[in-house]
Amino acid sequence: MAHHQASPFDDPSNPFQDPTITSALTSNNQDSAFALEQDPLHDRRNDDDEFTTFRQYPDNNQDPFSSVHDQKTLVDSQEQQVIGGSSSSNSKRGDGSNGDLNAREEALRQKERELAEREANLQERRRPHANNFPPCFPIMYLDITTEIPLNHQSTVWWLYREWLWFELTLVWNFVACLCLLFSHPESVTSAPTDLGISLTEMFTHTLASFFLWYRPVYNAYMKEVSLYYTMYFIFNGFHILYTIYKAVGIPNTGGAGLILVVALFTDGYIVTGVIALLAAICWIGMGCLAIYLYKKTYDHYKAAGHTFKEAKDDAYGRIGRSSNARDAAISMAWNSHR
């Protein structure tokens, strides 16, 4: 029996018998990621063309996560699909959404312009200058065109004219009482008293009217604070009553009013009577203007929604913030517990 001769390749020590090498030798040497495909342009070429063009294309069975480059390619393709889908959807509803976006943008621009104008007005309403009132000895700053809103400047200007008219009336009333003292009519015996009272009122009522009702109403229109309106209503109300009282011309009250005018014309003192008549006309005219501006300010006060409760709360708050008021309250409490 013949012995079978073993093949040299059957030697277990033969390196060609290694499983990794044999599998590599028997496997397909072509990369599965690529394949050959006939170029479609080849069909459009002339029949006598001897060449056939092939191109490589990626295999669909390839693992998309086999390399970093492949991952980036996949992500870029997905982003392009998303962007393409978004652009197509936006183009479909572009006619409806563009109008809404434009309207919103226009509204935002309008609001931005309003805020810019408001900021500019606030900057203009600040007090950049030194004190300018009164001109003879400036102790405060007053500027209606800068500090008062444009829609209220006309009213504040007329309130300022009312105050100036009141000062002019006080001076002219003093002149009438002085002429009455020098004329010595027999029916008027209160000339010295009227002169003294008119001289005192010419100084005291000037300051009182400015700080009690003109300055508060100026601040009221500037800051829209209910407390300032309330102060104006109270003290300007007394001012109107005082004006009517002076226009009547009761003796020994320091007013060159209608009663004094009648007495002077009756006794034949024409010049003094005319001067007193001008003073009475000033009292009456100023009183009518004060009533008109009082009503106009009150209408604005109600339209703005101010209330007396708001003014009272504001007054309490100002008192609470005042160091002098706190010191006085502490002193009173300390003295009450002794």
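Reply: A residue is called exposed when its relative accessible area is over 50%, buried when that area is under 20%, and partly exposed in between. Lys-309, at 56% relative accessibility, therefore counts as exposed. Please keep in mind that this is a predicted model.

Me: With which residue does Lys-309 form a salt bridge?

Reply: Its partner is Asp-313, and the closest N and O atoms are 3.1 Å apart. Asp-313 has a relative accessible area of 39%, so this residue is partly exposed. Both residues belong to helix α10, which spans residues 308–321; because they are four residues apart there, about one helical turn separates them.

Me: How many salt bridges does a search of the whole structure find?

Reply: The search finds five. One of them is formed by the side chains of Lys-246 and Glu-201, at 2.8 Å from N to O. This pair links distant parts of the chain, since Lys-246 lies in helix α7 and Glu-201 in helix α6 (residues 191–223), 45 residues apart.

Me: Are Lys-246 and Glu-201 buried or exposed?

Reply: Lys-246 has a relative accessible area of 1%, so it is buried. Glu-201 is buried as well, with a value of 9%. In another salt bridge, Asp-299 meets Lys-295, also at 2.8 Å from N to O. These two residues are four apart in helix α9, about one turn of the helix. Asp-299 is partly exposed at 38%, and Lys-295 is partly exposed at 48%.

Me: How should I read a pair of aromatic rings, and how many aromatic pairs are there?

Reply: Two rings pair if their centres lie within 6.5 Å, and planes over 60 degrees apart make the pair edge-to-face. By this rule there are 22 aromatic pairs. Phe-233 and Tyr-298 form an edge-to-face pair because their ring centres are 5.7 Å apart and their planes stand at 70 degrees. The pair connects distant parts of the chain: Phe-233 is in helix α7 (residues 226–248) and Tyr-298 in helix α9 (residues 270–303), 65 residues apart. Phe-233 is buried at 12% relative accessibility, whereas Tyr-298 is partly exposed at 36%.

Me: Which residues form an aromatic cluster, and which ring has a charged end over it?

Reply: One cluster includes Phe-133, Trp-157, Tyr-160 and Trp-163, together with Phe-210, Phe-211, Tyr-214 and Tyr-218. The charged end of Arg-161 sits over the ring of Trp-158, at 4.7 Å from the ring centre.

Note on methods:
Residues numbered from 1 in each chain as written. Predicted model: local features only at pLDDT ≥ 70, side-chain atom pairs only at ≥ 80, totals over all residues. Heavy atoms only, no water. Phe/Tyr/Trp six-rings, centres within 6.5 Å; stacked < 30°, edge-to-face > 60°. Buried < 20%, exposed > 50% of the residue type's maximum accessible area, 1.4 Å probe, protein only. Lys NZ or Arg CZ within 6 Å of the ring centre and 35° of its normal. Salt bridge = Lys/Arg side-chain N within 4 Å of Asp/Glu carboxyl O.
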